[in-house]
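User: I would like to learn how to read local backbone features and side-chain contacts in a model. Could we go through them one at a time, with the general idea before each case?

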Amino acid sequence: MRFGVELKPGTTYWIKIKGTLTDKYGQVLGEDIETYIRTTDYAPRMQMPNGLGITERYIKPMRHPITFLNLDRVKLQMGFVDINYIIPFVKGHPFDFRFPVTPPGDFSVDRIWELKISKNKRILYPIELQEVLRDRSFGIVYLQVDAMKT
């Protein structure tokens with residue numbers, strides 16, 4: 001049976017079907033039916049551009065975008081990669097999300113990021129790169145966000 005309406009996530013709907021409902025063969029339902037259905041919430045997810053990204057230093061503040069849906073908190077890790085370690089660092093890692101990587105010099109930011117977002121609403125947040133760059137006007141920031149290890 002198709003209803004032709006879009007149902008909202010995480011919502012309970014009461015349904016009443018009149019007993020006079022007739023199918024295409026002329027059969028009548030015969031009695032009123034009341035019931036309800038509950039739609040589930042959207043699955044939690046996080047999405048951000050991955051791989052090597054460039055943020056122009058003249059654009060302030062320097063940020064990297066990330067989108068969240070139905071997550072309460074994530075683990076945020078960021079570290080500065082010194083220019084002398086860029087080539088060995090990039091060549092030495094597959095940068096596969098299944099295998100966390102620690103940049104040379106470790107993470108200067110390693111914390112749980114508490115998210116205050118409404119249920120079933122996708123929201124775009126900025127990751128502030130200056131938190132790692134500090135007083136530098138340029139550099140390489142390695143960042144990883146993990147929704148599984150909070």
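User: Where does R134 lie, in a helix, in a strand or in a loop?

Analyst: Bearing in mind that this is a predicted model, R134 lies in the loop between α2 (130-133) and β8 (140-146).

User: What should I look for in the backbone at such a place?

Analyst: Most residues other than glycine have a negative phi, and most peptide bonds are trans. Against that background, R134 has a positive phi of about 55° although it is not a glycine, and N70, which is likewise not a glycine, has a positive phi of about 55°. N70 is found in the loop between β4 and β5 (73-81).

User: Is N70 buried or exposed, and is R134 buried or exposed?

Analyst: N70 counts as buried because its relative accessibility is 10%, under the 20% limit for that class, whereas R134, at 52% relative accessibility, counts as exposed, since that class begins over 50%.

User: Which peptide bond is cis?

Analyst: The bond from K60 to P61 is cis, with omega near -10°, and P61 has its place in the loop between β3 (45-47) and β4 (63-69).

User: How should I read contacts between aromatic rings, and how many aromatic pairs are there?

Analyst: A pair of aromatic rings is described by the distance of the centres and the angle of the planes. The structure holds 6 aromatic pairs. In one of them, the rings of F89 and Y142 have centres 5.4 Å apart and planes at 85°, so the pair is edge-to-face, the angle for that class being over 60 degrees. This pair links distant parts of the chain, with F89 in helix α1 (residues 86-91) and Y142 in strand β8, 53 residues apart. F89 is buried, with a relative accessible area of 7%, and Y142, at 13% relative accessibility, also counts as buried.

User: Why is the pair of W113 and Y125 called tilted?

Analyst: The planes of W113 and Y125 are at 50°, with the ring centres 5.8 Å apart, so the pair is tilted. W113 lies in strand β6 (residues 109-114) and Y125 in strand β7 (residues 123-128), so the contact ties together parts that are 12 residues apart in sequence. W113 is buried, with a relative accessible area of 15%, whereas Y125 is partly exposed, at 22%. Together with F68, W113 and Y125 form one aromatic cluster.

User: Which ring has the charged end of R136 over it?

Analyst: The charged end of R136 sits over the ring of F80, 3.7 Å from the ring centre.

User: What is the idea behind a salt bridge, and how many salt bridges are counted?

Analyst: Side chains of opposite charge can pair when their charged atoms come close. The count comes to 4 salt bridges, and among them is the one between E128 and R63, at 2.8 Å from N to O. E128 lies in strand β7 and R63 in strand β4, so this pair ties together parts that are 65 residues apart in sequence. Both E128, with a relative accessible area of 29%, and R63, with 41%, are partly exposed.

User: Which residue forms a salt bridge with K119?

Analyst: K119 pairs with D41, the closest N and O atoms being 3.9 Å apart, against a limit of 4 Å. K119 lies in the loop between β6 and β7 and D41 in the loop between β2 (33-38) and β3, so the bridge ties together parts that are 78 residues apart in sequence. K119 is exposed, with a relative accessible area of 53%, while D41 is partly exposed, at 32%.

Key: Residues are numbered from 1 along each chain as its sequence is written. This is a predicted model: local features need pLDDT of at least 70, side-chain atom pairs count only at pLDDT 80 or more; totals for chains, interfaces and linings use all residues. Side-chain values use heavy atoms; hydrogens and water are left out. Helices (H or I, at least four residues) and strands (E, at least two) are DSSP runs, numbered from the N terminus. Buried means under 20% relative accessible area, exposed over 50%, partly exposed in between (1.4 Å probe, protein chains only). Rings of Phe, Tyr and Trp (its six-membered ring) pair if their centres lie within 6.5 Å; planes under 30 degrees apart count as stacked, over 60 as edge-to-face and the rest as tilted. A charge sits over a ring if NZ of Lys or CZ of Arg is within 6 Å of the ring centre and within 35 degrees of the ring normal. A salt bridge is a side-chain nitrogen of Lys or Arg within 4 Å of a carboxyl oxygen of Asp or Glu.
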